[in-house]
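Please view the sequence and the structure together while reading.

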Amino acid sequence: MKRIYLHKAKAQIARPNTIRDINKQIVLTYVRDRAPISRAEIARQTELQRSTVSAIVDDLHLDGLIEEIGTGDSTGGRKPTLLKLRTGIPVAIGVDITPRYTTIALADLAGQVLKENTFPTSPDADYMSEQIIKGVEKHVLDNKKHHLEVGISVPGVADQATGRVRYIPYFQWSNWEISRQITTKTSLPVTIDNDANAIALAELWFGDEVNRRDKNFITVLVAEGVGTGIVFDGQVYRGERGAAGEFGHMIVGENAPTLCSCGSRNCWEAHSSEKAIVARYQNQIKNRQPADEDINVEQLINLANNGEKEAVEALKETAKYIGIGISNLIIGFSPQAVVVSGRVVRAWDLIKDEIEFLAGRSVRQGLPHTVIRASSLGDFPTLKGSLSLVLARKFASAN
Ligand SMILES: [Zn+2]
């Protein structure tokens, strides 16, 4: 076998099956992305040998990861058997913790949600541990035959290596041991990550195919807070102890209409979050009778999409600040794309010009244009994030 990375020879030698493992992941990803597909077609597209592909497909079939779904058209000889990912079988439990709600969902290998339930997030960490463990245990009891794994997305700093949540600013929880608690109770493997990092992974996993092609992009989640995920060369960059990407706290101006989760009025989050959108709207309508004080961001986006002037203004003003932050990210990272997710994306036509205008003002003569696009992950990107934590692991360990 030809050894490619001589300077990394030690690491390569440590795992004699490395090339075969990589090939297995390649085949599985081909089946996932291009199903229904035959062994011959995989071999043709990947330039792997037919016999190699056949052996790998047999392994994946045995592991229950793929299934055969009839035959395709013959190109001369025997009709080829078509393959697809095995769906409908529960493999992942996603736990999506947001400042307001927590969702626990059961999903298959394609990330399709088979069952889910949502409850209000409590500021009491011990109570939340109990509720989450109860929810996970229920899925374990209902699916005794299946090998499940858990992925957790949290709105704070989480260390994937130790499984520990270092800090959640909304509730001031530190060193929350939810991963260890779940594993102790259920023996299931748990992967935990910050919500924005989980979204970055979900963009690679469930997002537009262009994300997998671009490989260098930044995700910006506009929600209760503002978070960013950094993807370098197709990998999520997490930094020391998972603390990278906290750009929500970069200073973009003073006197924001609301407080950042850290308490400051200068942070990007204080100027650009859903809370900032609502606060700007409330400022605009404060003299209106009767005052509609309790509007939530979903209602506000609907109003804006129906043309209500104040709602449109609140969104456009916030979009300027989203654009300022993105402009700074582009200057610092020069990514191929910036992908914006969260409910604001529903009003993309109203906000994209402001975002692009502000982001485009940065000095980048002669450098390629960074595309700013709306995420296709939908209204619950962090739930998809929690599931992709498991799926990415499943695919990576399919060797
Ligand atoms: Zn802050």
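Two strands count as paired if DSSP finds at least two bridges between them. The model discussed here is predicted. In it, three strands form an open sheet in the order β8-β9-β10, and their pairing is antiparallel.

**Sheet**
- β8 (157–159) and β10 (173–176) are the edge strands, each of which pairs on one side only.
- From one strand to the next, the twist averages 10°.
- β8 and strand β9 (residues 164–168) run antiparallel and are joined by three bridges.
- Val157 has Tyr167 in β9 as its bridge partner.

**Helix pair α12 and α13**
- Two packed helices are described by the distance between their axes and the angle between those axes.
- Helix α12 (residues 309–333) and helix α13 (residues 348–360) have axes that come within 7 Å and cross at roughly 35°.
- The crossing of α12 past α13 is right-handed.
- On the α12 side, the contact includes Val312, Leu315, Lys316, Ala319 and Ile322.
- Sorted by class, the contact of α12 with α13 has 13 nonpolar, two polar and four charged residues.

**Helix α7**
- Is helix α7 (residues 195–205) mostly covered or mostly uncovered? Helix α7 is mostly covered, with eleven of its eleven residues buried.
- The buried residues of α7 include Asp195, Asn197 and Glu203, and among them are also Ile199, Leu201, Leu204 and Trp205.

Definitions and conventions:
Residues numbered from 1 in each chain as written. Predicted model: local features only at pLDDT ≥ 70, side-chain atom pairs only at ≥ 80, totals over all residues. Axes fitted to C-alpha atoms, helices over the stretch in contact; angles between N-to-C directions. Helix = DSSP H or I, 4+ residues; strand = E, 2+ residues; numbered from the N terminus. Left-handed = near helix turned anticlockwise from the far one by under 90°. Contact = placed C-beta atoms within 7 Å. Nonpolar A, V, L, I, M, F, W, Y, C, P; charged D, E, K, R; others polar. Buried ≥ 20, exposed ≤ 12 C-beta atoms within 10 Å, placed from the backbone.
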